[in-house]
Amino acid sequence: RAKVVEQVRRILGIGGSAGGGGAAAAAAAPAPAPAPAPATAAHITAWTAAQVAAWLAAQADIDVGTFDAAALGVGGKQLCKATDDDLEQLGVTKMASRVLLVKRVSELAAQPK
């Protein structure tokens, strides 16, 4: 799983530690502050990973599987770049959910900034 996460981080252009740290570093990191509701936030490309996670949680008809945007540091800009294959590697295993997710992200990204 660590190799997949590192590969996806590289594909999506998310900074990360290639040299390790892993779960121990993540466990030691302080919990992020609660993010404002995505509906009141800026354009999707400015969303933080916490805002992406909150938005995903609000999508009741999309099964995101094991994809944890907050844990992986996937913000709005990276989510906009994510392809069907990227989402599958991130843990969104159901094709119908990936299709809906790509469609909704594309619609949000098309809105004026």
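Student: What is the relative accessible area of aspartate 63, and how is this residue classed?

Tutor: Aspartate 63 has a relative accessible area of 34%, so it is partly exposed. The general idea is that a residue counts as buried under 20% relative accessible area, as exposed over 50%, and as partly exposed in between, with a 1.4 Å probe and protein chains only. Before we go on, keep in mind that this is a predicted model, in which local features need pLDDT of at least 70 and side-chain atom pairs count only at pLDDT 80 or more, while totals for chains, interfaces and linings use all residues. Residues are numbered from 1 along each chain as its sequence is written, and side-chain values use heavy atoms, with hydrogens and water left out.

Student: Which residue meets the side chain of aspartate 63 in a salt bridge?

Tutor: A salt bridge is a side-chain nitrogen of Lys or Arg within 4 Å of a carboxyl oxygen of Asp or Glu. Here the partner of aspartate 63 is lysine 94, at 3.3 Å from N to O. This pair joins distant parts of the chain, for aspartate 63 belongs to the loop between α3 and α4 and lysine 94 to the loop between α6 and α7, 31 residues apart. Lysine 94 has a relative accessibility of 47% and therefore counts as partly exposed. The C-alpha atom of lysine 94 is also 7.8 Å from that of glycine 65, although the two are 29 residues apart in sequence.

Student: How many salt bridges does a search of the whole structure find?

Tutor: There are 4 in the whole structure. In one of them, arginine 104 pairs with aspartate 61, with the closest N and O atoms 2.6 Å apart. That pair again links distant parts of the chain, since arginine 104 is in helix α7 and aspartate 61 in the loop between α3 and α4, 43 residues apart. Another bridge joins lysine 103 to glutamate 107, where the closest N and O atoms are 3.2 Å apart. These two residues are separated by about one helical turn, because they are 4 residues apart in helix α7.

Student: How many helices and strands does the protein chain have?

Tutor: Helices (H or I, at least four residues) and strands (E, at least two) are DSSP runs, numbered from the N terminus. By that reading, the protein chain has 7 helices and 0 strands. Of its 113 residues, 32% are buried.

Student: Which residues of helix α3 are buried, and how are they arranged around the helix axis?

Tutor: An α-helix has 3.6 residues a turn, so residues three or four places apart point the same way. In α3, which spans residues 49–58, the buried residues are Ala49, Gln51, Val52, Trp55 and Leu56. Seen down the axis, they fall within an arc of 160° (taken from the directions from the helix axis to the C-beta atoms), so they line one face of α3. On the other side of this helix, Ala57 and Ala58 are exposed. The cover over the buried residues of α3 includes α4 (69–72), α5 (76–81) and α7 (95–110).

Student: Which residues touch the most other members of the largest nonpolar core?

Tutor: A nonpolar core is a set of buried Ala, Val, Leu, Ile, Met, Phe, Trp, Tyr and Cys residues joined through side-chain atoms within 4.5 Å. The largest one has 19 residues, and those that touch the most other members are Trp55, Leu56, Phe67, Leu79, Leu87 and Leu101. Two or more residues of this core come from each of α3, α4, α6 (84–90) and α7. Contact means heavy atoms within 4.5 Å. Apart from neighbours within four places in sequence, leucine 101 is in contact with Trp55, Leu56, Ile62, Leu87 and Val92.

Student: Is histidine 43 buried or exposed?

Tutor: Histidine 43 is buried, because its relative accessible area is 13%. This residue lies in the loop between α2 (22–28) and α3. Its side chain reaches the backbone oxygen of glutamine 111 at 3.0 Å. Not counting residues up to four places away in sequence, histidine 43 touches Leu108, Ala109, Gln111, Pro112 and Lys113.

Conventions. A polar contact is a pair of N or O atoms within 3.5 Å; within protein, one must be able to donate a hydrogen and the other to accept it, and residues adjacent in sequence count only if both atoms are side-chain atoms.
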